[in-house]
Amino acid sequence: MPALPSSPSPMRVITPHHLGLLLKQERVAKKLTQQELSRIVCLAQSRVSLLERKPGNMTIDQLFDWMFALDLEICLLYTSPSPRDMRR
């Protein structure tokens, strides 16, 4: 699997799998263990491990807690063509 771009470059996340890779990459870049992150985001270490592997199981609140802990933000961009345009 190809390596993800290093921080702080923008990362295009189009699948839950990409999100999990990004979250893990950023945790490691910040030199945090899963246990340390789990204390910050108030989750069990086993839950942090699961969410890095299967982020589709993450709640929106958990995602925002995680992003805050890792100094990340979300920027939404329109794709071309937009899904709305394709319905016409």
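1. The protein exposes about 6,700 Å², and carbon and sulfur atoms supply 59% of that area. Areas here are Shrake-Rupley values with a 1.4 Å probe, and for residues only the protein chains shown count as cover. Keep in mind that this is a predicted model, in which local features need pLDDT of at least 70, side-chain atom pairs count only at pLDDT 80 or more, and totals for chains, interfaces and linings use all residues. Residues are numbered from 1 along each chain as its sequence is written, and side-chain values use heavy atoms, with hydrogens and water left out.

2. On the overall fold: there are 5 helices and 0 strands, giving the pattern α-α-α-α-α along the sequence. Helices (H or I, at least four residues) and strands (E, at least two) are DSSP runs, numbered from the N terminus. Of the 88 residues in the protein, 30% are buried; buried means under 20% relative accessible area, exposed over 50%, and partly exposed in between (1.4 Å probe, protein chains only). Among contacts (heavy atoms within 4.5 Å) with a separation of 6 or more, 38% join residues 24 or more positions apart.

3. Now for H1. This helix has 14 residues and reaches 20 Å from its first C-alpha to its last, close to the 20 Å expected at 1.5 Å a residue. The expected span is 1.5 Å times one less than the number of residues. Its buried residues are Leu19, Gly20, Leu22, Leu23, Gln25, Glu26 and Arg27, and they pack against H2, H3 and helix H4 (60-69).

4. Two of these deserve a look. Leu19, in H1 (residues 16-29), counts as buried because its relative accessibility is 19%. Leaving aside residues up to four places away in sequence, Leu19 touches Val13, Pro55 and Leu63.

5. How do H2 and H3 sit relative to each other? The axes of H2 (residues 34-41) and H3 (residues 45-53) come within 8 Å and cross at roughly 105 degrees, so the two helices are roughly perpendicular. From H2 the contact takes in Gln34, Gln35, Leu37, Ser38 and Val41, and from H3 Gln45, Val48, Ser49 and Glu52. By class, that is 3 nonpolar, 5 polar and 1 charged residues. For the terms: axes are lines fitted to C-alpha atoms, for helices over the stretch in contact, with angles from 0 to 180 degrees between N-to-C directions. Angles under 35 degrees count as roughly parallel, over 145 as roughly antiparallel, 65 to 115 as roughly perpendicular and the rest as oblique. Ala, Val, Leu, Ile, Met, Phe, Trp, Tyr, Cys and Pro are nonpolar, Asp, Glu, Lys and Arg charged, and the others, Gly among them, polar.

6. A backbone check on the loops. Most residues other than glycine have a negative phi. Lys31, in the loop between H1 and H2, has a positive phi near 60 degrees and is exposed at 73% relative accessible area. Cys42, in the loop between H2 and H3, has a positive phi of about 60 degrees and counts as exposed at 70%.

7. Finally, Gly56 lies in the loop between H3 and H4 and is exposed, with a relative accessible area of 58%. Gly56 and His17 are 39 residues apart in sequence and 8.0 Å apart in space, C-alpha to C-alpha.
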